Amino acid sequence: MRQAFKYADLIAPCGMNCGLCIGHLRYKRPCGGCFKKDDPNKPEVCRSCLIVNCNFLSETESGFCFDCEKYPCKRLLNLDKRYRTKYGMSMIENLTYIKNHGLITFLNKEEEVWRCKICGSGLSVHRDNCLACGYIYR
């Protein structure tokens, strides 16, 4: 198993695991994740994300939305609804898990959940099949 702490900077303030994003997993010009704002491979829509750039977020101790006085804000609720509906993943559930169990435990859980049962490669939340071997997992 990979060492989870290496991937801690891939967990966005909203609870998104950027390591599951198709932008991060693509072979050409992979995105470095939400915290790397100056990454030239980051799509403009991600650079201008209202959650990552939220003024209230800078006031939190953890850097995660769950520590914000406005949690859960409308932006996060809308993002969570979209990801639950389209991809079967909840940002709010991720944040609750991180808050209750810690980031390393969350990363270890993610490593198990989002690993291809056939070839062991990391899976993308944005696809229904493994990018490495084609196995359809949803």
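This is a predicted model: local features need pLDDT of at least 70, side-chain atom pairs count only at pLDDT 80 or more; totals for chains, interfaces and linings use all residues.

Reader: Where is aspartate 80 found? Is aspartate 80 buried or exposed?

Author: Helices are DSSP runs of H or I with at least four residues, numbered from the N terminus. Aspartate 80 belongs to helix α3, residues 74–87. Buried means under 20% relative accessible area, exposed over 50%, and partly exposed in between, with a 1.4 Å probe and protein chains only. Aspartate 80 counts as buried because its relative accessibility is 3%.

Reader: With which residue does aspartate 80 form a salt bridge?

Author: Side chains of opposite charge can pair when their charged atoms come close. A salt bridge is a side-chain nitrogen of Lys or Arg within 4 Å of a carboxyl oxygen of Asp or Glu. The partner of aspartate 80 is arginine 84, with the closest N and O atoms 2.6 Å apart. Both residues lie in helix α3, 4 residues apart, about one turn of the helix. Arginine 84 is partly exposed, because its relative accessibility is 43%.

Reader: How many salt bridges does the structure hold?

Author: There are 5 salt bridges in the structure. Among them, glutamate 110 pairs with lysine 109 at 3.8 Å, N to O. Glutamate 110 is buried at 6%, whereas lysine 109 is partly exposed at 30%. Another joins arginine 115 to glutamate 112, with the closest N and O atoms 2.3 Å apart.

Reader: Which residues does aspartate 80 touch beyond its sequence neighbours?

Author: Contact means heavy atoms within 4.5 Å. Leaving aside residues up to four places away in sequence, aspartate 80 touches Met89, Ser90, Met91 and Ile92. A polar atom of the aspartate 80 side chain lies 3.0 Å from the backbone nitrogen of isoleucine 92.

Reader: At what angle do α3 and helix α4 pack?

Author: Axes are lines fitted to C-alpha atoms, for helices over the stretch in contact, and angles run from 0 to 180 degrees between N-to-C directions. Helix α3 packs against helix α4, residues 91–101, at about 110°, with the axes 8 Å apart. The contact involves Leu76, Leu77, Leu79, Asp80 and Tyr83 of α3 with Met91, Ile92 and Leu95 of α4.

Note on methods. Residues are numbered from 1 along each chain as its sequence is written. Side-chain values use heavy atoms; hydrogens and water are left out. Helices (H or I, at least four residues) and strands (E, at least two) are DSSP runs, numbered from the N terminus. A polar contact is a pair of N or O atoms within 3.5 Å; within protein, one must be able to donate a hydrogen and the other to accept it, and residues adjacent in sequence count only if both atoms are side-chain atoms.
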